[in-house]
Amino acid sequence: MVSVRAVKGTKDILPDETASWQRVEAAARTLFARYGYREVRTPIFEETQLFARGIGAETDIVSKEMYTFDDRDGSSLTLRPEATAGIVRAVIEHNLINTDPALKVYVLGPMFRRERPQKGRYRQFHQLDVEAIGYANPMVDVEVIEMALAFLEACGLQSYELVLNSVGDAACRPQYVEVLRTALRANLSKLGEDSQRRTESNPLRVLDSKLPEEQELIASLPKIGDHLCAPCREHFAEVKRHLDLLGIRYRLDSRLVRGLDYYVKTTFEVVSGELGAQNSVLGGGRYDGLVRDLGGPDIPGVGFALGLERLVLILPPGEGERRCDVFLAPLAAPAIDAALRLQHELRKSGVRVLLDPEGRSFKSRMKLADRLGARFVAILGDDELGRGVWSVRDMAGSSQEDVPMARVALHLKEKVHG
Ligand code: HAM
């Protein structure tokens, strides 16, 4: 019979990997709290129209990557391809805008996009998504960026690059898009099929193209930075000034338009050379019209999302995991009862204990204890039974001592907890 395998583009995160995931998640929770962010958990599926209206019907995500299905009552549902739209929906629905005096939230969980799977790109992946809603001040753009970088450092990531741009707003971008479209139309023959189509549907996306033969033309196209209105220019100048103030280095890239339509003003990404083609570890920006577009008041927002698979992929390996503090080795059959009692007592007092119930040789048990990272091995063989002691071996120092049976639980507790 053919065995069932994981669906293409999905990935099991196995016990050996979860330690890194948990480390990263714990670092996020600790750090984000320091900046005033609190966790929200929104559903992983939503009404399809939320994403169509929020992310933009013309984007790749909405037009070809969503997992959409009809519910039994005929309504159209979609597995969330990102978290921002769902967060904004929840914020509006529960009136958090008027009841939360400092609306800063994060979501940690799976997202779904039907992209072509490759290294760092999956169909189910996990994001850490951070949103500050209700703040127009460029200081908040910088705070969000600063927190993103502090998080990467807390996780031990050493080499990465912050890329920054401003994509203008409703006042100036439409004019720029027309200027861009005109320039693209004049050069259609130099463009591939996708970019030719996007010249009409969404010319900004042409700037994202990776096709080698289009790069020369793209480099010569009009730049959004030269077409920003005064408020967008001032906002961007303030963002850069604050980044400089904090000593945060960045590279300006006028092609950083991002793949979602809700962005205005600031956009940013953190990229890593170690990731290959899918080099974006995190991406975000400002989305001042989104809350209004989704039926809420006209208030601003800024945030980012980080891909956890990508981060874990490039983190330096952590130390070997210790899976127990104490390994019990009852070598003689009558020792088993004493070992079970000791195990029960130690676990109750917070010691991590493993016991090999399979009756292997002494040597293979010691090997097993070593593989499990045990700090202490407590041995109870015929000889120890006769003398009424456990022989406790310190795996780091390789020293061994006899401990009377009545005191062994206390002895090990003290050794482990210090
Ligand atoms: P995004 O750039 O689409 O932005 O995704 C953010 C991050 O999610 C990427 O930088 C990448 O690390 C990860 N990611 C995206 N697609 C995949 C995939 N198929 N496989 C693995 N990782 C992936 C957003 O989603 C916006 N909602 C970010 C945001 C929040 N902007 C403002 N607030």
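At what angle do the axes of helix α1 and helix α6 cross? Select residues 15-34 for α1 and residues 138-154 for α6: their axes come within 10 Å and cross at roughly 140°. Helices here are DSSP runs of H or I with at least four residues, numbered from the N terminus, and axes are lines fitted to C-alpha atoms over the stretch in contact, with angles running from 0 to 180 degrees between N-to-C directions.

Before moving on, a quick word on what you have open. This is a predicted model, where local features need pLDDT of at least 70, side-chain atom pairs count only at pLDDT 80 or more, and totals for chains, interfaces and linings use all residues. Residues are numbered from 1 along each chain as its sequence is written, and side-chain values use heavy atoms, with hydrogens and water left out.

**Stop one: α1 and α6**

The two helices are oblique to each other (under 35 degrees would be roughly parallel, over 145 roughly antiparallel, 65 to 115 roughly perpendicular, and the rest is oblique). Their crossing is right-handed, meaning the near helix is turned clockwise from the far one by less than a right angle. Now show side chains for V24, A27, A28, L31 and F32 in α1, which meet M147, A150 and F151 in α6 (contact means heavy atoms within 4.5 Å). The residues of this contact are eight nonpolar, no polar and no charged.

**Stop two: the ligand**

Next, select the ligand. It has 27 residues around it, and the closest are E82, E115, Y122, Y263 and S280 (a heavy atom within 4 Å is what counts as near). Click on Y263: an N or O atom in its side chain is 2.6 Å from a nitrogen atom of the ligand. For Y262, the distance from a side-chain N or O atom to a ligand nitrogen is 2.9 Å. With R258, a polar side-chain atom lies 2.9 Å from an oxygen atom of the ligand.

**Stop three: α13 and α16**

Finally, pick residues 335-348 (α13) and 408-417 (α16), whose axes come within 10 Å and cross at roughly 40°. That makes α13 oblique to α16, and the crossing is right-handed. L342, E345 and L346 of α13 touch V408, A409, L412 and K413 of α16. This contact has five nonpolar, no polar and two charged residues.

Conventions:
Ala, Val, Leu, Ile, Met, Phe, Trp, Tyr, Cys and Pro count as nonpolar, Asp, Glu, Lys and Arg as charged, and the others, Gly among them, as polar. A polar contact is a pair of N or O atoms within 3.5 Å; within protein, one must be able to donate a hydrogen and the other to accept it, and residues adjacent in sequence count only if both atoms are side-chain atoms.
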